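Welcome, and please open your viewer.

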Amino acid sequence: MSSVLTGPDLALPDLHTPRAQVLLAVADDNLVTGHRSSHWTGVAPSLEEDLAFSTIAQDGISHADLWYRVLLQGAGFDGDLRAGVDALGLGRDADGYRHAVVCERPPRDFAFTLARHWVHVHVEAARLQALSGSNDAEVAALAIKLAHELRYHREHADHWFARLTGDDGARGRFADALAVVLPESFGLFEPAPGEHEAVADGVFPGGHPGLRPVWLESAAPVLVTAGLGDLVPADDAQAPAEAAGGRAGRHTADFTDDVWPEMTALYRADPGARW
C-alpha cells in the first residue's frame with residue numbers, strides 16, 4: 001500500500017495485515033458510496049428523497065468512520081483516535097483505497113443511483129451478517145449494530161425497486177440502469193489482499209467471495225418476480241475488466257480524478273490541522 005499522510009507525531013499501525021485490509025475494504029465501500037450519495041443533497045427529485053439520500057450519505061460515512069476505529073483499536077493503536085481515523089479516511093493515496101469500483105461510479109441519474117443503492121445495501125446486509133459471526137469481538141459487535149441501522153436503507157431500496165419495476169414509464173430506465181450496475185457489482189465480491197488469511201483466522205467468515213452465492217440467492221428471485229429474469233447474473237459471472245481490481249487499489253478516473261481529489265483536498269492541505 002502507498003503512503004498515508006498524517007499529522008505530526010501520529011504513527012499508524014501496520015495496515016498490511018489481513019485484518020486491516022479486510023476492514024479497509026469494508027470501510028472504503030461505505031465511505032465512497034456515502035460520498036457519491038451526498039451528491040444528491042439539494043438536487044434530488046423531491047425533498048423527501050433529498051433528505052433520504054442525505055441520511056444515506058451520512059450513515060455510509062459514519063459506518064466507515066466506525067470501521068476505521070475498530071481497525072485501529074484492534075491493532076493496538078494508542079494515539080489520537082480521531083486523528084488516526086481521519087488519516088485512514090482521507091490521508092491515503094488513491095491506490096491505497098480498497099473499495100469496489102462500482103462504488104466510485106458517478107451518480108449519473110436517479111435510476112442509476114437507485115439501482116446501485118438496491119444492489120449495495122443487499123450486499124452490505126450479507127456482509128454484515130457474515131461479519132456478525134466473526135471471532136473478533138469488536139468486529140462482530142459493530143456488524144450486529146450496523147445491521148440494525150441498515151434495515152431502514154434496505155426498506156427504502158426495496159420500496160423504490162418495487163415502485164420503479166411496477167411503473168410502465170420508469171421500468172425501462174430502471175432495467176437499463178440495473179443492466180449496467182449488476183455486472184460491475186461483482187467487484188464487491190473480490191477479496192482484499194490477504195483476505196484468505198482473515199477467513200482462515202475466523203475474522204471474516206466466508207470472506208467477500210462467500211457473499212456472492214448468498215446475495216445471488218436473495219436477489220435472483222426478486223429480479224425474476226419483477227419480470228427482469230434476463231438480468232439475473234450467471235453463477236460464474238465476473239466484473240468486467242474496467243470494473244475489476246478495486247480491492248487491489250486499481251481505480252478508474254471516476255475516483256482518481258473526481259472523488260479522491262474532492263474528498264481529500266482539505267485534509268491533505270493541512271493534515272495536522274485542528275478544526
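**Before you click**

This is a predicted model, in which local features need pLDDT of at least 70, side-chain atom pairs count only at pLDDT 80 or more, and totals for chains, interfaces and linings use all residues. Residues are numbered from 1 along each chain as its sequence is written, and side-chain values use heavy atoms, with hydrogens and water left out.

**Stop 1: the whole chain**

Show the protein chain as a cartoon. How many helices and strands does the protein chain have? There are 10 helices and zero strands; here helices (H or I, at least four residues) and strands (E, at least two) are DSSP runs, numbered from the N terminus. The radius of gyration, taken over C-alpha atoms, is compared with a globule rule of 2.2 Å times the number of residues to the power 0.38. For the protein chain the radius of gyration is 18 Å, close to the 19 Å that the rule gives for 275 residues, so the chain is as compact as a globular protein of that length. Along the principal axes, the C-alpha atoms fill a box of roughly 60 × 40 × 35 Å.

Buried residues make up 53% of the 275 residues in the chain. Buried means under 20% relative accessible area, exposed over 50%, and partly exposed in between (1.4 Å probe, protein chains only).

Contact means heavy atoms within 4.5 Å. Among contacts between residues at least 6 apart in sequence, 77% join residues at least 24 apart.

**Stop 2: the core**

Select W67, L178 and W215: these have the most contacts inside the largest nonpolar core, which has 80 residues. A nonpolar core is a set of buried Ala, Val, Leu, Ile, Met, Phe, Trp, Tyr and Cys residues joined through side-chain atoms within 4.5 Å. Which helix gives the largest share of this core? Helix α5 (residues 110-131) does, with 14 residues. In soluble globular proteins, nonpolar side chains tend to be buried together.

Zoom in on W215. Not counting residues up to four places away in sequence, W215 touches V119, H122, V123, L182, F186, F189 and P233.

**Stop 3: helix α1**

Select N30, which has its place in helix α1 (residues 18-37). Is N30 buried or exposed? N30 has a relative accessible area of 4%, so this residue counts as buried. Leaving aside neighbours within four places in sequence, the contacts of N30 include W67, H120, E124 and R127.

Q21 lies in helix α1 too, and Q21 is buried at 3% relative accessible area.

**Stop 4**

Next, pick A57 in helix α2 (residues 47-74). A57 is buried, with a relative accessible area of 4%. Leaving aside neighbours within four places in sequence, A57 is in contact with G34, S37 and S38.

Then go to H156 in helix α6 (residues 137-165), which is buried at 15% relative accessibility. Leaving aside neighbours within four places in sequence, H156 is in contact with E49, A52, F53, I56 and H117. From H156 to H117, 39 residues apart along the chain, the C-alpha separation is 9.2 Å.

**Stop 4: helix α10**

Select T264 in helix α10 (residues 253-269). At 1% relative accessibility, T264 is buried. Its contacts, leaving aside neighbours within four places in sequence, are L90 and Y97.

**Stop 5: two backbone angles**

Most residues other than glycine have a negative phi, and most peptide bonds are trans. D9, in the segment before α1, has a positive phi of about 60° although it is not a glycine. D9 is exposed, with a relative accessible area of 85%.

Finish at R108, in the loop between α4 (101-104) and α5. R108 is not a glycine either, yet has a positive phi of about 55°. With a relative accessible area of 48%, R108 is partly exposed.
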